[in-house]
Amino acid sequence: MPPKKILVVEDDADQRLAISIRLKANKYAPIFAGDGVSAIAAAQREHPDLIVLDLGLPGGDGFTVLDRMRTIPRLAGIPIIVLTARDPKTARERTLDLGASGFFEKPVDSAEFLAAIHAALGDGE
Amino acid sequence: MTRTGTAPVVLTVEDNPIARKVVRVALEAEGFTVLEAPDGRSALALVERELPDLILQDIKLPDINGVELIGRLRALPGAAAVPIIALTGYRSELEHARSAMAGFDEILFKPVDPSTLVRIVRAHLTPAPAAMRDGRTRKRVLLIDDDLVQLKLGTLHLTAAGFDVETARDGVEGLKAAGASVPDLIVSDVLMPRLDGFRLCSTLKRDPALQHIPVVLASSAFVGADDAKLAAEMGAEALVIRTPEHREIIAAVHDALRAPRPQIPVPDSPATEHYAERTWRQLEQQVRLNASLSQRLAQRRAELAVLSAAADALTANPSGTTLQDVLQQAFDACGVSRGAGYLVRPDGELELRALVGYDESARPAIETFFKKPAFLREALSAREPRIVVGAPADLDAVIVAPLRRGTESLGVFWMEVDTADASPEEWVPFAGAVATQLAQAIALSQAYADAAAGREASRREELRREQLQIKDQFLSHVSHELRTPLTVIHQFMTILLDGLAGTITPEQREYLGVALRNANELRTMIDDLLEATRSETARLSIAARPVHLSEVINDVIVAIDPSAVQKGVTVSADVSNELPDAQADPARLGQIITNLIGNAIKFTPPGGSIAVRARVPPEDHGVLEVSVADTGPGIKPEERERIFEYLYQGQNAANLTRRGFGIGLHLCRDLVMRHGGRIWVDGEPGRGSVFHFTLPVAPIGEPTHAA
């Protein structure tokens with residue numbers, strides 16, 4: 001079975017690398033997007049199994065991306081896990097309302113983060 | 001001083017700068033050239049230098065009495081023919097009469113409306129028609145009145161109406177004068193001692209040499225039909241009411257001269273009984289009328305003057321209205337020359353705020369009311385104005401009046417009153433009226449000042465909020481920016497620790513552990529900073545509900561234990577399950593306990609221990625007390641208050657603490673206080689510190705939630 005594809009939408013290269021190392025160590029195939037527009041393009045092109053979305057993106061906030069993903073039928077079923085460095089109190093509720101599968105405040109505890117990904121993809125540990 | 005063209009020059013002699021300005025503006029607007037003199041001496045100097053076309057003169061001047069001044073002015077070369085108009089506040093009718101005798105061409109009462117003033121000044125500058133100046137065409141009128149005031153007033157009005165006036169002080173004197181000069185007409189008062197108007201009339205009408213002279217009787221009291229009938233029986237042409245303008249008298253005089261009544265036989269005296277009763281009634285009416293009229297008039301003038309002065313001053317400068325301006329206007333309008341006003345300072349002492357009729361050198365004496373400050377203090381607590389008996393210095397008689405607004409004493413003022421023509425008692429209601437108006441003016445000006453201060457305070461508060469918001473935004477931004485690289489540091493250290501980049505040696509693992517622990521500490525500090533800024537602006541919301549303390553404490557210990565283990569510090573809890581629930585926000589409570597235990601770990605050397613306890617203190621069963629004890633260096637007693645301050649750094653941070661307390665403890669105190677509890681620290685220096693905080697016990701009966 002080929003590794004499951006995970007689209008990581010993150011504008012910070014260092015963080016992309018860190019997440020990539022974690023995901024590869026867990027036998028996932030990460031692909032990347034650095035902003036909202038290329039994120040939606042990549043999602044339509046690659047049709048990933050899961051999306052990790054940073055809310056603090058340049059040129060449009062993560063909420064907009066999240067909303068777009070949910071309104072495109074081909075993408076609507078893809079689980080999305082949201083990461084944020086900003087004001088988690090209001091963001092959490094809004095994110096989950098928009099249909100995200102998980103919400104993590106940075107810095108993320110990697111064990112919890114991976115557990116959430118496993119759960120969303122139905123992968124037993 | 002230059003004369004511009006043919007513009008008439010008017011000199012205004014007036015000590016009140018506001019009144020002076022009003023006159024100047026009014027006249028200059030009409031093309032007059034206006035010279036000003038603030039007192040008698042400068043007026044004399046001016047007139048000596050340059051003869052004006054007309055002089056407007058205040059009766060009350062600081063240096064020279066108005067009546068004296070006109071005499072001295074008239075004596076100057078060329079000045080005898082210059083019209084001099086007196087401007088006077090209401091003093092008394094006697095004052096008026098004195099002024100009339102002094103030779104003023106006209107007497108105006110203040111406040112004079114500017115257009116009237118201009119009209120009158122113009123009239124005096126235009127030469128009178130020749131006929132009016134021709135004495136031979138004038139009718140001679142004998143005016144008989146025992147009241148000096150009425151005599152002078154009558155003279156004034158009849159002269160103004162074009163008659164030559166001769167006067168007599170009572171009926172007997174009047175008969176003599178009539179016999180000597182045989183006037184064209186006699187105007188007589190009714191109520192006079194020795195010989196009243198009715199008897200005078202009947203006597204005249206029975207004298208063949210004088211019976212042709214028409215007699216007009218005048219009365220200040222109400223004239224009834226019976227009175228008029230009696231006058232007619234006595235042979236009088238008319239019995240008329242005497243109004244201040246003498247309009248009715250002058251009309252009756254004209255009528256009588258134009259068409260005299262046919263002569264009738266006259267009884268030698270009125271029917272005695274009937275007559276006595278009528279005379280008494282007239283007398284009573286007159287006394288009543290005079291008293292109430294003069295009081296009403298005085299009060300009305302003062303009220304008007306004070307109100308208009310207050311309104312003017314307030315409009316011009318709402319917060320800077322001075323008692324001086326208002327008091328000066330009031331006194332000026334009512335002819336009071338000297339007095340002072342004092343306001344109550346915040347410390348309760350009276351402060352001299354207005355000085356009228358004195359120069360600055362008198363200030364120290366006036367401040368203490370000529371070393372008798374008790375007068376002022378007594379007046380302040382009084383409800384009504386009172387007469388000061390045995391007035392000090394050279395004062396004639398003094399009335400001291402409190403300035404009150406409701407039950408609040410604002411201050412006090414006193415004024416010197418002239419007792420020559422009115423008893424001090426007559427001035428009391430007048431002083432009361434002035435006091436009422438003054439108090440209102442002061443209250444109004446204070447209200448303006450308060451409103452201005454209020455606006456200023458709210459502006460400052462707004463600015464403070466704005467600054468606070470900017471500060472918080474800045475801190476919030478900075479801490480977010482700090483978080484991002486910290487996240488990366490954290491991620492890569494855990495990647496290394498987890499062996500994702502290859503196997504690491506135990507030594508490498510230990511060092512990475514130290515780095516990670518410090519990175520976590522840094523993150524906690526940044527989180528605290530964020531939280532503290534939020535707490536300052538948005539004020540952290542507390543959603544209190546019954547909470548099991550043991551659960552929250554155990555959760556915190558489980559979460560925090562890894563960093564304690566890493567440092568070699570043990571954390572233990574002794575919290576009974578039997579304790580009542582605390583009324584608290586579980587998330588906030590967790591924050592408080594996390595902060596306290598985190599601090600304790602930070603300051604406790606490896607091998608040390610931290611003990612968390614909770615109890616209901618014996619002295620207060622309404623609260624729960626949580627304490628966190630460590631075996632660190634402890635906190636000096638003098639620092640135990642200050643460590644809860646925002647961004648407080650220990651005085652001796654180098655050896656007492658490794659790092660500053662920052663904001664963690666400040667945040668704890670903020671949260672504890674908003675739960676209604678308190679927080680403090682004790683312990684023995686060198687043997688560790690114990691942090692305590694209290695929370696209210698949850699009300700019984702509310703459902704308990706798991707934390």
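## Strand pairing in chain B

Two strands are said to pair if DSSP finds at least two bridges between them. In this predicted model, strand E1 (residues 9–13) of chain B pairs with strand E2 (residues 33–37) of chain B in the parallel sense, over 5 bridges. Within chain B, B:Val9 stands opposite B:Thr33 in E2(B). From E1(B) the chain passes through H1(B) to reach E2(B), a β-α-β crossover that is right-handed.

E1(B) is also joined by 4 bridges to strand E3 (residues 54–58) of chain B, and these two strands run parallel. Here B:Leu11 stands opposite B:Ile55 in E3(B). Of the 5 residues of E1(B), 4 are buried, so this strand is largely enclosed by the rest of the structure.

## Packing of helices H1 and H5

Helix H1 (residues 17–29) of chain B meets helix H5 (residues 114–125) of chain B, with axes that come within 9 Å and cross at roughly 65 degrees. The crossing of H1(B) and H5(B) is right-handed.

H1(B) contributes B:Val22, B:Val23, B:Ala26 and B:Leu27 to the contact, while H5(B) contributes B:Pro114, B:Leu117, B:Val118 and B:Val121. By class, the residues of this contact comprise 8 nonpolar, no polar and no charged.

## Contact between chains A and B

The contact involves 13 residues from chain B and 11 residues from chain A. On the side of chain B that touches chain A, helix H16 (residues 424–497) of chain B gives the most, with 11 residues. The residues on that side of chain B divide into 5 nonpolar, 6 polar and 2 charged.

Definitions and conventions:
Residues are numbered from 1 along each chain as its sequence is written. Chains are lettered from A and ligands numbered from 1 in the order in which they are written. This is a predicted model: local features need pLDDT of at least 70, side-chain atom pairs count only at pLDDT 80 or more; totals for chains, interfaces and linings use all residues. Axes are lines fitted to C-alpha atoms, for helices over the stretch in contact, and angles run from 0 to 180 degrees between N-to-C directions. A crossing is left-handed if the near helix is turned anticlockwise from the far one by less than a right angle, and right-handed if clockwise. Two residues are in contact if their C-beta atoms, placed from the backbone, lie within 7 Å. Ala, Val, Leu, Ile, Met, Phe, Trp, Tyr, Cys and Pro count as nonpolar, Asp, Glu, Lys and Arg as charged, and the others, Gly among them, as polar. A residue is buried if 20 or more other C-beta atoms lie within 10 Å of its own, exposed if 12 or fewer, and partly exposed in between; C-beta atoms are placed from the backbone. A crossover is right-handed if, with the strands pointing away from the viewer, the path from the first strand over the helix to the second runs clockwise.
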